[in-house]
Amino acid sequence: MIEMEQQRISFVIPCYASEGSVALVMQEIRDTVAQRPEYDYEIVAVNDCSPDNVLEVLKAEAAADRKVKVIDLAKNGGRHCALMAGYHVAGGDYVACLDDDCQCPLDRFWDLMAPLESGKADVAIAKYVKKKESGIKSLGSWVNDVGSTWLLDKPRDLRFSNFAVMRRFIRNQVIKYQNPYPYVSGLMFQASSRVVNVVMEDRERTIGQGHYTLRKSLALLTNAFTSFSIKPLRLAIYAGCLCALAGFGYGIWTVVHRLLHPLIPAGYSSMMAALLFLGGMIMVLLGIIGEYIGRIYICINNAPQFVVRQTFNVDKEEPAEVE
């Protein structure tokens, strides 16, 4: 009887301020994979320049388990840059990403894998019925979802989250992105239309506190629209045309009104209101264009997505960095 070769699952974990929880997440991964002997695993933990003792915890885990690979970044670049660093090392047939705070429901991982195992999907993403997070983070998630739906032409019922799994060829496509502002969810969706949600319950936070703010959500949305869409520039064109049309119409109305009522003095307040409105619109449009130009300039200068200080248990000296 011929034994089937084990398939491997790579679990990529961006780590920041999680010295009390990341080891628990790793142990739950081991317990979860042990349920299915036909699968092997590796854990790629990325220290995103964490201010606590996460690196020491990760080094201890790597010393005890050769399947744990640790990447220590020299600078904090955010979750998506850390994910890209981990994806460059991940070599599994399936690549999963999850958080380091024990909130991702790993007990439902095989439900997340089911659409990929059946061949119905290339990417599966957890969809939480009710997210157990702060109001500010919920607002940021909503803004990000609405923005990505418009910018990426994402189906309205599809939700992005931090708990997902993809096939190896999707990972290979994702790491081809070389610019310094990655948006991993957009890259996965760009690589395949066979992206599905698996409904599950989010866990309550029991350790530590969240660090994802509304500002970070807006920054992520900015990455999405400057990296994957020119719709904001088209919107700027439409807004400019609308303002020009409104200004032309207002100019005609002013001339006609003056001719019909010659004794009425010209309105200083209305003129100032029009100037302020048009000036504000021009500044907004210039800001949008400037954001694109600034990011193009940074990309031309070959700013790195991430810089690796050191690695542990990685086969080569360090992950393949984006040049």
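At what angle do helix 1 and helix 2 pack, and how far apart are their axes? Let's take the helices first, then the sheet.

## The helix pair

This is a predicted model, where local features need pLDDT of at least 70, side-chain atom pairs count only at pLDDT 80 or more, and totals for chains, interfaces and linings use all residues. Residues are numbered from 1 along each chain as its sequence is written, and side-chain values use heavy atoms, leaving out hydrogens and water.

Helix 1 (residues 22-33) packs against helix 2 at about 30°, and the axes are 10 Å apart. Helices here are DSSP runs of H or I with at least four residues, strands are runs of E with at least two, and both are numbered from the N terminus. Axes are lines fitted to C-alpha atoms, for helices over the stretch in contact, with angles from 0 to 180 degrees between N-to-C directions. Angles under 35 degrees count as roughly parallel, so that's what these two helices are to each other.

Helix 1 brings Val22, Ala23, Met26 and Arg30 to the contact, while helix 2 brings Val57, Leu58 and Glu61. Contact means heavy atoms within 4.5 Å.

Now for the strands: 8 of them form an open sheet with mixed pairing, in the order 7-5-6-4-1-2-3-8. Two strands pair if DSSP finds at least two bridges between them. At the edges sit strand 7 (195-200) and strand 8 (308-312), each pairing on one side only.

Strand 1 (residues 7-15) runs parallel to its partner, strand 2 (residues 39-47), over 9 bridges. Ile9, for instance, has Tyr41 in strand 2 as its bridge partner.

Terms used. Parallel < 35°, antiparallel > 145°, perpendicular 65-115°, else oblique.
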